[in-house]
Amino acid sequence: MTALTLIKGFQKPTHDSQRVFRQLLKAMSEPGTLVRVDSPESIDSLHASTFAVCQAMMDQQTPLWLSPHFATPNIKHNLHFHTGVPIVEESQQALFALISPAEIDSVERFPHVFFQGTDEYPETGCTVIVQVHSVKDNISKGVNLRLTGPGIETAQLVSISDLSPPLLNYLSNQTGERNGSFPLGLDFIFIDKNQLVCLPRTTQVEVL
């Protein structure tokens, strides 16, 4: 049996969690604004930046679903050790989901595979964390998006790599599901090795 690897979490857990949480609040309230987050180490395919988000947002009360790409024994062990987060097998039970963009193509019933909240508590919809190769706040070789809506003065341009057609169709409301179900829905965090951008369900997305 292979021994599990335990990596370093935040050096100052309370201080560092609050610092990353403030960055996440800024990114979620100002969609399209990139913020940097970090943690001392990465583990398997999980970036240190993504691990920082997990440490700041997750605890014993926030069930997490992992896609097959991230559901390794080392990642599960470290997430549970550093946050206490329960990892669930059924995605509908999760308040957070962690997935790679390539896997979204193979997820059946996307986006309905994730919990989108209830009429009484729409804020309980799942936050989907998508780990990508790059996010940028300008036009580049990735998928370029124009964002408008609450928290954005006029419009914000971002470039996110690796986004699959099903995800883009959902985000840009090509299927009508995203706007049609509002205020129910999903919030997204796209994160690369150093920084992240948030697309809450209130943000309108146009693919350029």
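The model is predicted, so local features need pLDDT of at least 70 and side-chain atom pairs count only at pLDDT 80 or more, while totals for chains, interfaces and linings use all residues. Residues are numbered from 1 along each chain as its sequence is written, and side-chain values use heavy atoms, without hydrogens and water.

Helix α1 (residues 13-29) packs against helix α2 (residues 48-57) at about 100 degrees, with the axes 8 Å apart. The two are therefore roughly perpendicular (65 to 115 degrees). Helices here are DSSP runs (H or I) of at least four residues, and strands are runs (E) of at least two; axes are lines fitted to C-alpha atoms, with angles from 0 to 180 degrees between N-to-C directions. In contact (heavy atoms within 4.5 Å) are Ser17, Val20, Phe21 and Leu24 of α1 with Ala52, Val53, Gln55, Ala56 and Met57 of α2.

Turning to charged pairs, the structure holds five salt bridges, each a side-chain nitrogen of Lys or Arg within 4 Å of a carboxyl oxygen of Asp or Glu. Asp16 pairs with Arg19, their closest N and O atoms being 3.6 Å apart. Asp16 is buried, at 10% relative accessible area, whereas Arg19 is partly exposed, at 26% (buried is under 20%, exposed over 50%, partly exposed in between, with a 1.4 Å probe and protein chains only). Another salt bridge joins Arg146 and Glu206 at 3.7 Å between the closest N and O atoms. This pair links distant parts of the chain, with Arg146 in strand β7 (residues 143-148) and Glu206 in strand β11 (residues 204-207), 60 residues apart.

Methods: Angles under 35 degrees count as roughly parallel, over 145 as roughly antiparallel, 65 to 115 as roughly perpendicular and the rest as oblique.
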